Protein chains: 2
Amino acid sequence: MPRSPNPRRRATLASLAAELKVSRTTISNAYNRPDQLSADLRERVLAAAKEMGYAGPDPVARSLRTRKAGAFGLIITESLNYSFRDPAALDFVAGLAESCEEAGQGLLLVAAGPNRSVEEGAAAVLSAGVDGFVVYAASDDDPYLAVVQQRGVPIVIVDQPKDIQGASRVCIDDRAAMREIAEYVVGLGHREIGLLTMRLGRHWPHGDAQSAVADPERLTSQHFHVQCERILGVRDAMAGAGLNPDALTVVETYEHLPSSGGSAAAVALQANPRITALMCTADVLALSAMDHLRSRGIYVPGQMTVTGFDGVPEALARGLTTVAQPSLEKGRRAGYLLNNPPRSGIPAIEVLDTELVRGRTSGPPA
Amino acid sequence: MPRSPNPRRRATLASLAAELKVSRTTISNAYNRPDQLSADLRERVLAAAKEMGYAGPDPVARSLRTRKAGAFGLIITESLNYSFRDPAALDFVAGLAESCEEAGQGLLLVAAGPNRSVEEGAAAVLSAGVDGFVVYAASDDDPYLAVVQQRGVPIVIVDQPKDIQGASRVCIDDRAAMREIAEYVVGLGHREIGLLTMRLGRHWPHGDAQSAVADPERLTSQHFHVQCERILGVRDAMAGAGLNPDALTVVETYEHLPSSGGSAAAVALQANPRITALMCTADVLALSAMDHLRSRGIYVPGQMTVTGFDGVPEALARGLTTVAQPSLEKGRRAGYLLNNPPRSGIPAIEVLDTELVRGRTSGPPA
DNA sequence: TTGTAAGCGTTATCAG
DNA sequence: CTGATAACGCTTACAA
């Protein structure tokens, strides 16, 4: 009958060494450098460990000593419940998890979502035992950014914000990509265009309304850089075709609900009934908008052109005209950058390619 | 101009104390117990910290001292790339993340997927700085189970396996739930039934074939307990109705691909062309099977009844007859159990409710 | 092959 | 409100 693995206090490397009358080094070596001691002695150590209920070197103590945590932290400011429902965000997380796994690093989801106070979130960031952080799609004025920087570990920003001191970044050229698809839409002959976008800023001045027309001031004053860039891309295309960019009807939707796209579409068509093309800054908006249009008997693309952004599987399956972006690869690259920081010490900026997908939801205006 | 925050070596609590000529305790208190020193002194400490580039107490050292890591580990043996594509698994992760966030705990995805060797995975488990583990849907013979147990931290098992020493568990009654839906199908008059199931064991004896009929021996010898229980549930229903359970055509599919259900359906219909009902142990299988049937011109439910399991949104949207299980709640409960271990010290077993959803994919046989 | 000694950076305790 | 002391459990030169 083995001795009860229930010593008065938890077994440690030191207690094991004492028990076996060898040095702590030897125990440590038994686990970390098997070649540094005789196989025989190692067996004895492991056997004694089992008997005393010693689980092997304490990970935290080891981390303290080696200055390596064996994990990277992921900071997503949006609620996880939303992020996990957005296929693009999910692909990103999957890609990141994949490259972390490959490198033997864990991936820590830091408890810094919108459900907690900034203080609590900051505490979580400060107490995360990680070797680096990935910040996903934070707004320029995100309160956690400063806290993350304070930690003094490597940081990789994904998508936004730009210009964080010392942080590498993985992104796409949102403005150019959106300009390309907008040029395509304009080229089809559309002149009255509606643009449905996710939130542009962390604060929402429209109370309970799910969606609202974004006035020009809001377009330039806000902090979700990616959305703003995409809007600018559409304006670029319009200006390039001799249209007045200010004629673009921009509708912003605040919460990320399954019905957001439909709600925003309704607002856009109400604001400008002559719209013949609804462009969206995300596929999920476009898909929802299409459902809404169908319920109103508006035929796509005959009566209305609809475009998206992201290239998520469902959108491609439904033939949406959209911009495909490599979300999975974004995650992989982010993980890679964290594991292999640029030798120069100069932060890297990786701009990944996008591709215009001409689907079945776009055509000339009626 | 502030003094360069680039000291020869990283600032620590001790170096800050030396600089300010106060004790380490005082610095520690400045961060952890602001009420234990004068606001004035605290200001000075924080200012000096900023100047010296001190980011606050090192999380790892704090963990070592307090014996709290501030995170729970999640072990998913399936590839994350798959898990993140299965809505039920995803709901579970979302629920778990939610309850962790609520408790201010991080959630560490442990690098122990199928892409790494067991040794590497075991090392990851042993070096994860966590206060407890959640093990999601592991097979009975999963090699990481022993390693997780060795860690000596609280464990919550989700779904399977059963009977892990000292671990709490959150699950549903798979057998009863499947029996209920099978009784419904049998009650509709079906006698020739095919059952499509996910893999039953970690090893696959059929080479490159995506799906294959599972012989009786495999049904009883394998280790994915949940799938096996669901099969038993169907057999229970058949036996209860006076049918011979051995007449059930069970088709197992090994990889979790989007086309798996279709492939398995083809195998089932080939093995027994008289089948009038295809039951599936997962909605994703059923949806794929339906696509396959449509491509063959087989009408559902007129010519074939199809049922699923899980109640994922897409299945409900498509009117699939299925069993809805509370995946999100599973995650929440798992997190809750880890944060609030049963006072008695006796592991808890929580069996959550399921609900039969009679959809539009089931009807009497032709 | 094994042992010695010096940290890693923090917090708990208890006395002042 | 402040400080001295003693852990927390481990790794790693370097010496034997």
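Q: Where is the place of A:Arg199 in chain A?
A: A:Arg199 lies in the loop between β6 and β7 of chain A; strands (E, at least two residues) and helices (H or I, at least four) are DSSP runs numbered from the N terminus. This is a predicted model, in which local features need pLDDT of at least 70 and side-chain atom pairs count only at pLDDT 80 or more, while totals for chains, interfaces and linings use all residues. Residues are numbered from 1 along each chain as its sequence is written, chains are lettered from A and ligands numbered from 1 in the order in which they are written, and side-chain values use heavy atoms, with hydrogens and water left out.

Q: Why does A:Arg199 count as buried?
A: Buried means under 20% relative accessible area, exposed over 50%, and partly exposed in between (1.4 Å probe, protein chains only). A:Arg199 has 14% relative accessibility, so A:Arg199 is buried.

Q: What makes the approach of A:Arg199 to A:Tyr254 a polar contact?
A: A polar contact is a pair of N or O atoms within 3.5 Å; within protein, one must be able to donate a hydrogen and the other to accept it, and residues adjacent in sequence count only if both atoms are side-chain atoms. A polar atom of the A:Arg199 side chain lies 3.2 Å from the backbone oxygen of A:Tyr254.

Q: Why is the pair of A:Trp204 and A:Tyr254 called stacked?
A: Rings of Phe, Tyr and Trp (its six-membered ring) pair if their centres lie within 6.5 Å; planes under 30 degrees apart are stacked, over 60 edge-to-face, and the rest tilted. The centres of A:Trp204 and A:Tyr254 are 5.2 Å apart with 20° between the planes, so the pair is stacked. A:Trp204 is in the loop between β6 (193-197) and β7 (211-213), and A:Tyr254 in the loop between β8 (249-253) and α12 (260-271), so the pair ties together parts 50 residues apart in sequence.

Q: How do you know that the charged end of B:Arg230 sits over the ring of B:Phe309?
A: The criterion is NZ of Lys or CZ of Arg within 6 Å of the ring centre and within 35 degrees of the ring normal. The charged end of B:Arg230 is 3.8 Å from the centre of the B:Phe309 ring, over which it sits. Likewise, the charged end of B:Arg358 sits over the ring of B:Tyr184, 5.0 Å from its centre.

Q: Why are the buried residues of α2(A) placed on the same side of the helix?
A: In α2 (residues 24-32) of chain A, the residues A:Thr26, A:Ile27, A:Asn29 and A:Ala30 are buried. They cover an arc of only 160° around the axis, so they lie on the same side of α2(A); the arc is that of the directions from the helix axis to the C-beta atoms. The face turned away from the buried side carries the exposed residues A:Arg24 and A:Thr25.
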